[in-house]
Amino acid sequence: MELPVSNSRAMLADWRYDSDSFRQDLPQHGIVPDIPSRKGRSALQKTDRGRYRDRNGIERMFIHRR
């Protein structure tokens, strides 16, 4: 994955981005993935629910402004 130069420390995304390849690429760039697991995932991944709630609120703000 090619990422722009950034000082980001975490990647907040919804469950659609829950793939092993995506999760493995982020730490190579010093970024912690904070992505909820898909329902069918055998090994659930940790997610900061507070961060996820904040991400969802920001996303909804942009969707409703269209």
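Visitor: How many helices and strands does the chain have?

Guide: The chain has 2 helices and 2 strands, where helices (H or I, at least four residues) and strands (E, at least two) are DSSP runs, numbered from the N terminus. From the N terminus on, these elements follow the order β-α-β-α. This is a predicted model, in which local features need pLDDT of at least 70 and side-chain atom pairs count only at pLDDT 80 or more, whereas totals for chains, interfaces and linings use all residues. Residues are numbered from 1 along each chain as its sequence is written, and side-chain values use heavy atoms, with hydrogens and water left out.

Visitor: What share of the residues of the chain counts as buried?

Guide: Of the 66 residues of the chain, 24% count as buried; buried means under 20% relative accessible area, exposed over 50%, and partly exposed in between, with a 1.4 Å probe and protein chains only. The chain exposes about 5600 Å², of which carbon and sulfur atoms supply 51%, the areas coming from the Shrake-Rupley method with a 1.4 Å probe, and for residues only the protein chains shown count as cover.

Visitor: How should I read a helix such as α1, and which of its residues are buried?

Guide: An α-helix has 3.6 residues a turn, so residues three or four places apart point the same way. In α1, which spans residues 20-28, the buried residues are Phe-22, Arg-23 and Leu-26. Seen down the axis of α1, these buried residues fall within an arc of 95°, so they line one face of the helix; the arc is that of the directions from the helix axis to the C-beta atoms. The face turned away from the buried side carries Gln-24 and Gln-28, which are exposed.

Visitor: Against which elements do the buried residues of α1 pack?

Guide: They pack against β1 (10-12) and β2 (32-34), with contact taken as heavy atoms within 4.5 Å. After α1 comes Gly-30, whose phi is positive, near 75°.

Visitor: How is an aromatic pair described, and how many are there here?

Guide: A pair of aromatic rings is described by the distance of the centres and the angle of the planes. Rings of Phe, Tyr and Trp (its six-membered ring) pair if their centres lie within 6.5 Å, and planes under 30 degrees apart count as stacked, over 60 as edge-to-face and the rest as tilted. By this rule there is 1 aromatic pair. Tyr-17 and Phe-22 form this tilted pair, at 5.7 Å centre to centre and with 45° between the planes. Tyr-17 counts as partly exposed because its relative accessibility is 44%, whereas Phe-22, at 15%, counts as buried.

Visitor: Where is Trp-15 found, and with which residues is it in contact beyond its neighbours within four places in sequence?

Guide: Trp-15 is found in the loop between β1 and α1, and at 38% relative accessibility it counts as partly exposed. Leaving those neighbours aside, Trp-15 is in contact with Ile-35, Pro-36, Ser-37, Arg-38 and Tyr-52. Trp-15 and Arg-38 are 23 residues apart in sequence, yet their C-alpha atoms are 5.6 Å apart in space.

Visitor: How many salt bridges does a search of the whole structure find?

Guide: Side chains of opposite charge can pair when their charged atoms come close. The search finds 5 salt bridges, each being a side-chain nitrogen of Lys or Arg within 4 Å of a carboxyl oxygen of Asp or Glu. In one of them Arg-23 meets Asp-18, with the closest N and O atoms 2.7 Å apart, and both of these residues are buried. In another, Arg-41 meets Asp-18, with the closest N and O atoms 2.9 Å apart. This pair links distant parts of the chain, since Arg-41 lies in the loop between β2 and α2 (49-64) and Asp-18 in the loop between β1 and α1, 23 residues apart.

Visitor: Which elements does the salt bridge between Arg-51 and Asp-34 link?

Guide: The side chains of Arg-51 and Asp-34 meet at 3.5 Å, N to O. The pair links helix α2, which holds Arg-51, with strand β2, which holds Asp-34, 17 residues apart. Arg-51 is partly exposed, with a relative accessible area of 37%, whereas Asp-34 is buried, at 6%. Elsewhere, salt bridges that share partners join Asp-18, Asp-20, Arg-23 and Arg-41 into one network.
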